[in-house]
Amino acid sequence: MSEKVLMKGNEALSEAAIRAGCRHFFGYPITPSSEILEYLAFRLPQIGGTFLQSESEVAAINMVYGAAAAGARVMTASSSPGVSLMQEGISYAAAAELPCLVVNVTRASPGLGRIPPAQSDYWQATRGGGHGDYHLIVLAPFSVQEMADLTILAFDLADKYRNPAMILADGMLGQMMEPLEWGNQPQDPPVKEWSVSRTESRDRRLILAAPISDEGLLELNCHLVEKYARAREDEQRWQSYLVDDAETIVVAYGTAARISAEAIESLRKKGHRAGLIRPISLWPFPAKAFAGIETTAGSCLVVEMSSGQMVDDVRLAVNGRIPVRGMGLGGGWIPTPEMVEEEILKS
Amino acid sequence: MSTTNVERVLFERPQSLVALPFPYCPGCSHGIINRLVAEVVDSLGISERVVGVTSIGCSVRCWKHFTYDMVQAAHGRAPAVATGLRRVMPDRIIFTYQGDGDLAAIGTAEALHSAARGERITIFFVNNAIYGATGGQMAPTTLLGQKTSSSPYGRDPVAAGFPIRVAELLATLPAPGYIARVGVFDAANVNRARRAVQRAFEVQMEGKGFSLVEFLASCPTNLKMDPVKANEWVQKELQQYFPLGQFKSPEE
Amino acid sequence: MLEQVLIAGFGGQGVLFIGQLLAYAGLKEGLEVLWLPSYGPEMRGGTANCISIISTDKIWSPIVPRPKSLIAMNWPSLDKFEPKVVPDGVLVANSSLIERDIQRHDLRAYAVPASGVAQDLGNVRVSNMVALGAYVGATGVVSSEAVLSSLIKMLGDRKASLVDVNASAFRRGYEMTVGSRGQSNKVDIH
């Protein structure tokens, strides 16, 4: 076990990317994600990497696309409006099967919005976000430790599935300082035989976002369906906390999960049996976490810092076995533990 | 290649072109420009080092015809994709191949900023003053008064502004190493164009930064002219607004 | 033990710095810690505030609607946050910049002339350390040794020359309140 260090979430994420072998960052400043860009602007040149502040988020994601085509571990980071600008490029990366990491340190929206933390980009993140039938692998940290750990995991999963991955955080997780322990140095990134990097004479390689024919496009989609089915089977991640005997199961991720856990702890002390299912992978959604919950639980309460987005996935996972209610609002609303307690007691 | 009983091969398919008929319309300049790029890559002996980035428009198809590694970019984003490739692979020779809508409309920012950074890439910019793939709409380089399917009364500067001279515009920046505009409407100009392509690659290989060659090209299908007339139109009308020449070179 | 202290003042008064310093000191003591700034465009010149949480148990919520303690470095911060402190909480107010009495009678309150003391020490910018010293003296949430060794670490080599004046400021504040630790009355310090 190494020594614990205090770090901000955004810095922990950035340093973790370096540990994961990411040496290339392209991005455009936007609060509250800019610390990632600033940290990497400072760190990457020290270790022979490249940092480039692009002219826009549109350019940034396409630079990421190029670097990924060259076989590098590469990332960008932005916040909600900037991530919207990247959607075309993300769709292309999904089509061309280019692994990369997009970090969304979400802010309250729609439109320009304001910078308080929010979870209102859940739909955009988990439904693909751009045009076409595709998914990102989406991981949602809830602590500074996970800002680091899930970043390393996101790079690994992106490479494993040849697919873009996303870290969906918020400004609170980005700005927060907590103790962090670095685990063992991750393994080196894999060599990407499909990329256009070249060390020896070989046949030409093509990185195409549009297949050669109509049949080719169907083939690509069939392949993606098969790939996503594998990810759905193997990559569901979640944390169950005090659910075994829980009458009410709260479902929340990220910052909302921290607040909900506090409410659950407080209620437990008062003799109320509440528990928490915390999705860590938002896509694939951890439907497996809900197997058999109806044996003890009477209802689910989904707590979100949005007007109700993940509640859709919880309803699909629960499939009518017990009632599912949502609690949440977009626009920068943050529940207090007391508010969550009150809502749980209404069950 | 089948050979007849000639003593010397005067003309053959460049090695870095795939043995595949070009898909372009009769009289389209893309075939000539694709071929020029391939010829120069062959003569410089760099085909194993080259990575091409294609764009959206008629030019999207060129990936099928080059024997090098090719990466397909979203509309207008080829210079950004090339930048990403460049930053990971410093020893490769990287070019983009873009039309006028791709480079001078939707992708203006990426083209301008890659030039401003002096990104060590080469852009081949095909300016035929009209949109080809989507069926003859107005381009950012469409001439004043020119009728297109989206400027049926002729391009009116009050409503649609003036055509953009990309080569001159980018030449105002300090970083680019080489910028030239060439024609491919007759043999002498094709030869000059070939030299410009070569110079553009050399500037990149010598580490002298960004290079761009703008080709005045013809699109008979959408100009609704036969190939000869279309070529004449490029030479007379288009060239008048877009003068040929070298706008920037490392020697200056 | 669960301590939640809200630290508020003008941007530039070093409120974020002492919040982080407290978190470092807590970590040094083997405690769970969390530090969260209110972030945003108010980074320069406006109001700045942060919350530091120090606990023997796992810290869940970063959201603290009603803090257990408040360090108010200026008048607007006192106006804004004084009503929010939980009853029996601790309040340290920078009386050099606040020309009014503390209104709450259910708090352990300290009016500390932090800016004045800092000025006496020759550097008004260490008023934050005077206030932090007073707070640590009053609560004992961490040891002064943990604060001082964390201070050296935080300032690093580049700002090592500032350690002494910061440490002196901290000690001055600490000594003002440590004698009253555990008392429940309002204390004015002049």
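Q: What makes the two parts of chain A domains?
A: Domain bounds come from an automatic or database domain assignment. On that basis chain A is divided into domain 1 (5-234) and domain 2 (239-345). The C-alpha centres of domain 1 of chain A and domain 2 of chain A lie 27 Å apart. This is a predicted model, in which local features need pLDDT of at least 70 and side-chain atom pairs count only at pLDDT 80 or more, while totals for chains, interfaces and linings use all residues. Residues are numbered from 1 along each chain as its sequence is written, and chains are lettered from A and ligands numbered from 1 in the order in which they are written.

Q: What makes residues of domain 1 of chain A and domain 2 of chain A count as in contact?
A: Two residues are in contact if their C-beta atoms, placed from the backbone, lie within 7 Å. By this rule 26 residues of domain 1 of chain A touch 23 residues of domain 2 of chain A. On the domain 1 side, α6(A) gives the largest share, 4 residues. Helices (H or I, at least four residues) and strands (E, at least two) are DSSP runs, numbered from the N terminus.

Q: Which residues of chain A and chain B are counted as in contact, and how many are there?
A: In chain A 29 residues are in contact with 24 residues of chain B. The helix α3(A) gives the most to the chain A side, with 8 residues.

Q: Why are β9(A) and β2(B) said to pair?
A: Two strands pair if DSSP finds at least two bridges between them. β9(A) and strand β2 (residues 69-72) of chain B have 2 bridges, in the parallel sense, and therefore they meet the definition of a pair. Leu206(A) stands opposite Met70(B) in β2(B).

Q: Why are α4(C) and α6(C) called oblique to each other?
A: Angles under 35 degrees count as roughly parallel, over 145 as roughly antiparallel, 65 to 115 as roughly perpendicular and the rest as oblique. The axes, lines fitted to C-alpha atoms over the stretch in contact, with angles running from 0 to 180 degrees between N-to-C directions, cross at roughly 40° for α4 (residues 127-139) and α6 (residues 163-178) of chain C and come within 6 Å. The two helices α4(C) and α6(C) are therefore oblique.
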